[in-house]
Every structure is written in structure tokens, then in C-alpha cells.
Amino acid sequence: MRARVRAALARTVDPAVTAFAAHLGDEAGALAVLFYGSNLRTGSREGVLDFYVLTEGEAEKGLWPRVSYREWQHEGETLRAKIATMTLAKFHQAARGDTLDTTIWARFVQPSALAWSRDDTAGVQVQAAIEAAAITAARLAVAVGPGSGVEADYWRALFRSTYRAELRVEKPGRENSIIELNAEHFDGLLPAALAAARIPFGVDGDILTPRLTVAERDAILEWWRKRRRMGKPLNVARLLRATRTFDGAARYAAWKVERHTGIAVELTPWRERHPILAAPSVLWKIAREKRRS
């Protein structure tokens with residue numbers, strides 16, 4: 001498991017992306033920067049790059065992470081990024097499933113890359129957190145999945161469960177596309193994670209049979225029920241918080257509007273300071289421009 005995660009985190013990343021990650025890490029005085037999302041899979045620099053900036057310090061209280069949007073000029077190209085910032089201590093705690101949050105372990109059982117780290121020690125700490133995320137996800141996967149099945153059956157069951165717990169709109173079959181688009185990443189991950197979690201299982205060809213006791217399964221499902229109930233309320237709380245704390249929200253929204261409608265939104269200082277109050281006038285302008293065209 002350890003070697004598998006180390007190799008996954010060390011995957012090759014576009015040099016422009018690693019340069020952006022290093023810039024963000026240096027600027028924040030961070031320990032490490034993780035890169036994830038569709039751009040990691042495709043290798044494209046278009047759209048918005050997704051980063052987690054992991055900092056030093058004790059695990060924070062209250063709502064996390066802090067979210068921001070940045071544009072950075074690199075060799076004549078504008079790179080755009082959505083950045084989540086939190087302490088590595090809290091990230092690891094959430095990856096272990098010790099918090100009510102589901103987003104960290106459900107997100108980072110999927111592919112990610114260590115785009116930048118301050119030193120080898122920080123890299124090892126991030127690796128341990130990603131291992132913990134895989135173990136947490138695997139435990140739930142075998143508890144909500146079938147008694148026996150191919151590996152993908154358990155990952156599908158996991159993602160269906162976590163999607164239902166969160167305030168998000170996903171197209172039917174989204175869990176299938178995650179597994180299919182990242183087949184190499186998930187192939188063999190479940191047995192490795194179960195072994196690391198010391199959960200016994202049988203193997204007959206491609207068929208896995210987890211050997212959880214009734215008490216073990218009930219304990220995992222009770223753990224999950226608490227987190228499932230809090231999934232949507234936490235999402236709402238974070239959205240409300242983001243309306244006040246999302247650094248660069250107006251710039252991010254303006255870019256999204258122009259990308260999807262072709263209509264440029266002028267970013268005045270007032271609009272940057274008050275993106276929510278500015279929204280009605282921006283929407284009115286978009287509607288007017290659409291009518292004209």
C-alpha cells in the first residue's frame with residue numbers, strides 16, 4: 001500500500017502546473033501542495049486547476065478549508081486555479097475519518113499528485129494522509145457494497161453513498177465514469193487498502209469477499225450514519241461561509257461567465273469587494289446581452 005501511494009503521488013505533472021504549485025506553496029509558507037481533478041487526468045492546463053495547499057500548525061477548528069481563486073502568469077500564459085487551504089494536521093485527521101466531514105477521504109481515494117513539497121519529511125506526511133484516505137474509503141466500501149463482487153462494485157457503492165450524502169448534483173452513473181476514467185488507479189487499490197486496514201477478504205479470480213463480522217459491519221455503518229446525516233448541513237454551512245471568505249470569488253465568477261456565455265464582465269473594485277451584492281446587476285447585464293445577440 002505504501003509503495004502504491006508513493007508511486008501515485010509521484011506521477012508526472014505538467015511543469016507549468018508544478019511551477020504554479022511551487023509558487024502557491026512558497027507564498028503560503030506551506031508544507032505541501034496536492035494537485036487533483038480532471039486536469040490531472042487529462043494533462044490539460046485549460047480551465048481551472050485544482051490544488052490543496054497544506055500548511056503547518058495544529059488542526060484548525062470550525063469550518064475548513066479556506067477557498068480562493070488565483071490567476072498566475074507563466075511564460076505568457078494565464079493559469080487559473082481554485083485553491084483549498086488547510087493544515088496538514090487537519091487534512092490527515094479528516095482522511096482518517098476522525099471528523100464528520102466526508103469530502104477529504106472520498107476525494108483523495110481518487111487520483112492526486114504531490115505537485116510540490118517543502119522537503120522529504122512533508123512528502124512522507126502527505127503520503128501517510130493519502131494512505132489513510134484510501135483505508136477509510138475502503139472500510140466503508142465493503143460495508144455498503146455487496147457480500148461478494150468485483151472490485152469496481154465496491155467503489156461504485158462507495159461513491160453512490162457519498163454522493164447521496166452531499167449537497168451536489170451529479171449525473172446518474174457519475175460513479176461509473178470515475179472508476180472507468182481512472183481504471184489503472186483503482187485496479188488493485190481495494191485489496192491493498194483492506195490489507196493495510198487488516199480487514200480479511202477472500203479472492204476467487206476477480207471476485208472479492210470481504211470477511212467483516214456482523215459487529216464490525218454494524219460499527220462501520222453506524223460511523224457512516226453520523227457522517228451521512230451531517231453531509232448536506234456541512235455543505236450548506238461551507239457555501240454560506242464561502243460567500244464571505246472566498247478570496248477572488250468575483251474574478252472566478254467573471255471568468256466562468258465569460259467562458260460559458262462569451263460575455264465579458266467588467267470587474268470594478270466594488271464588484272470585487274462585494275460579489276454577492278454585485279450579482280443582480282451582472283445577471284441583468286448577461287440577460288440584456290443575450291437578448292441583443
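Let's start with N235: leaving aside its neighbours within four places in sequence, N235 is in contact (heavy atoms within 4.5 Å) with E166 and L167. The C-alpha atoms of N235 and L167 are separated by 6.0 Å, although the two residues are 68 apart along the chain. N235 is found in helix α11, residues 214-245; helices here are DSSP runs of H or I with at least four residues, strands are runs of E with at least two, and both are numbered from the N terminus. With a relative accessible area of 14%, N235 is buried, where buried means under 20%, exposed over 50% and partly exposed in between, using a 1.4 Å probe and protein chains only.

A word on what you are looking at: this is a predicted model, in which local features need pLDDT of at least 70 and side-chain atom pairs count only at pLDDT 80 or more, while totals for chains, interfaces and linings use all residues. Residues are numbered from 1 along each chain as its sequence is written, and side-chain values use heavy atoms, with hydrogens and water left out.

A salt bridge is a side-chain nitrogen of Lys or Arg within 4 Å of a carboxyl oxygen of Asp or Glu, and the structure holds 11 of them. One of these joins D101 to R238, with the closest N and O atoms 2.7 Å apart. D101 lies in the loop between α4 (88-95) and α5 (103-108) and R238 in helix α11, so this pair ties together parts that are 137 residues apart in sequence. Both D101 and R238 are buried.

Another salt bridge links the side chains of R225 and E222, at 3.0 Å from N to O. These two are three residues apart in helix α11, about one helical turn. R225 is partly exposed at 31% relative accessibility, and E222 is partly exposed at 34%. Elsewhere, salt bridges that share partners join D14, R45 and E77 into one network.

Now follow the chain to the strands. β3 (residues 66-74) and β4 (residues 77-87) pair in the antiparallel sense over nine bridges; strands count as paired if DSSP finds at least two bridges between them. Across this pairing, W72 stands opposite L79 in β4. Two residues lie between the strands of the hairpin, and E75 takes a positive phi near 50 degrees there.

R70 lies in β3 and E27 in helix α2 (residues 15-28), so the pair ties together parts that are 43 residues apart in sequence. R70 counts as partly exposed at 21%, and E27 is partly exposed at 48%.
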